[in-house]
Amino acid sequence: MGLLLLPYALTPLYVVVDPPSTLMLWRRVTGERVEQVWVPLSRISPHLQLAVIVAEDGRFCTHHGIDWSGIQDAIQDAETLDDVRGGSTITQQVAKNLFLWQGRSFVRKALEVPLALWIDLVLSKRRILEIYLNVAEMGPQGEFGAEAGARRAFGRPARDLTAYQAALLAASLPNPVARNASRPGPGLRRLAGLYVARADRSPAAVACLKGR
């Protein structure tokens, strides 16, 4: 029971403490490479902030950690559990990255939902996105976070990403090992183009990040 409650006790600390992900910790324990440079949201390109929201969680600013309509749509469209990625919000991914394990299972999803609701209650939207953009795996060789991902893929800091580079990085997020943002194939380029167009139509998607 104590282990189940620990994430709820730790979350308020993450208002000011910059947390690692469970995958980063596991890689360090097992001697695998981890490259991460934590940067505040103000030093991450607004293009990347918007691209990640339109790619991963279009209703990020309006839900309270869980996008119930998104989950319903994803379940209706899915044939297997592997297809239900579209129902996972950025806040749920933060819960998974900080406290749970990789892979897909109904048990993990069941633990993820109340954690996401708690995280949304305790942390601001701005802080949730900042944590996500600093702990998400963004490269094939142990790169975590926007700064390490941007430098590996494009040789520039996260604050200097163009709209298209940001869209490529966002498009690689589900599997940066298989989806190489620095050498994108036709599918990844097509997806990035879709995200650029969607971002152009969705400037209000990041409204909740302003002034917080």
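User: In which helix is E112 found?
Analyst: This is a predicted model. The helix in question spans residues 106-122. E112 is found in helix α6.

User: Is E112 buried or exposed?
Analyst: Buried means under 20% relative accessible area. E112 has a relative accessible area of 0%, so the residue is buried.

User: Which residues is E112 in contact with, leaving aside its neighbours within four places in sequence?
Analyst: Neighbours within four places are set aside here. The contacts of E112 are then S88, Q92, A95, K96 and L100.

User: How are α3 and α7 oriented to each other?
Analyst: Helix α3 covers residues 46-56 and helix α7 residues 125-135. They pack at an angle of about 90 degrees. Angles of 65 to 115 degrees count as roughly perpendicular. The two helices α3 and α7 are therefore roughly perpendicular.

User: How far apart are the axes of α3 and α7?
Analyst: Two packed helices are described by the angle between their axes and the distance between the axes. For α3 and α7 the angle is about 90 degrees. Their axes are apart by 11 Å.

User: Which residues of α7 meet α3?
Analyst: On the α3 side the contact uses L48, Q49, V52, I53 and E56. The residues of this contact divide into six nonpolar, one polar and one charged. From α7 come L129, Y132 and L133.

User: Which residue does a disulfide join to C61?
Analyst: The structure holds one disulfide. Its S to S distance is 2.0 Å. The partner of C61 is C208.

User: How many residues apart in sequence are the parts that C61 and C208 tie together?
Analyst: C61 lies in the loop between α3 and α4 (68-77). C208 lies in the segment after α10 (186-201). The pair therefore ties together parts whose separation in sequence is 147 residues.

User: Is the disulfide of C61 and C208 left-handed or right-handed?
Analyst: The torsion about the S-S bond of C61 and C208 decides this. That torsion is about -70 degrees, so the disulfide is left-handed.

User: Which class, buried or partly exposed, does C61 fall into, and which C208?
Analyst: Buried means under 20% relative accessible area. C61 has 24%, so C61 is partly exposed. C208 is at 13%, so C208 counts as buried.

User: How many salt bridges does a search of the whole structure find?
Analyst: One of them joins the side chains of R27 and E32, at 3.5 Å from N to O. R27 is buried at 13% relative accessible area, whereas E32 is partly exposed at 39%. For the whole structure, the search finds eleven.

User: Which residue forms a salt bridge with R33?
Analyst: The closest N and O atoms of this pair are 3.0 Å apart. The pair links distant parts of the chain, 110 residues apart. R33 is in the loop between α2 (22-29) and β1 (35-36), and its partner is in strand β2 (residues 143-144). That partner is E143.

User: Is E143 buried or exposed?
Analyst: The cut-off for buried is under 20% relative accessible area. E143 has 2%, so the residue is buried.

User: Which residues belong to the salt-bridge network that includes E143?
Analyst: E143 also forms a salt bridge with R152, with the closest N and O atoms 3.5 Å apart. R152 is partly exposed at 32% relative accessible area, and R33 is partly exposed at 41%. Salt bridges that share partners make one network of R33, E35, E143 and R152.

Terms used: Residues numbered from 1 in each chain as written. Predicted model: local features only at pLDDT ≥ 70, side-chain atom pairs only at ≥ 80, totals over all residues. Heavy atoms only, no water. Axes fitted to C-alpha atoms, helices over the stretch in contact; angles between N-to-C directions. Helix = DSSP H or I, 4+ residues; strand = E, 2+ residues; numbered from the N terminus. Parallel < 35°, antiparallel > 145°, perpendicular 65-115°, else oblique. Contact = heavy atoms within 4.5 Å. Nonpolar A, V, L, I, M, F, W, Y, C, P; charged D, E, K, R; others polar. Disulfide = S-S within 2.5 Å. Buried < 20%, exposed > 50% of the residue type's maximum accessible area, 1.4 Å probe, protein only. Salt bridge = Lys/Arg side-chain N within 4 Å of Asp/Glu carboxyl O.
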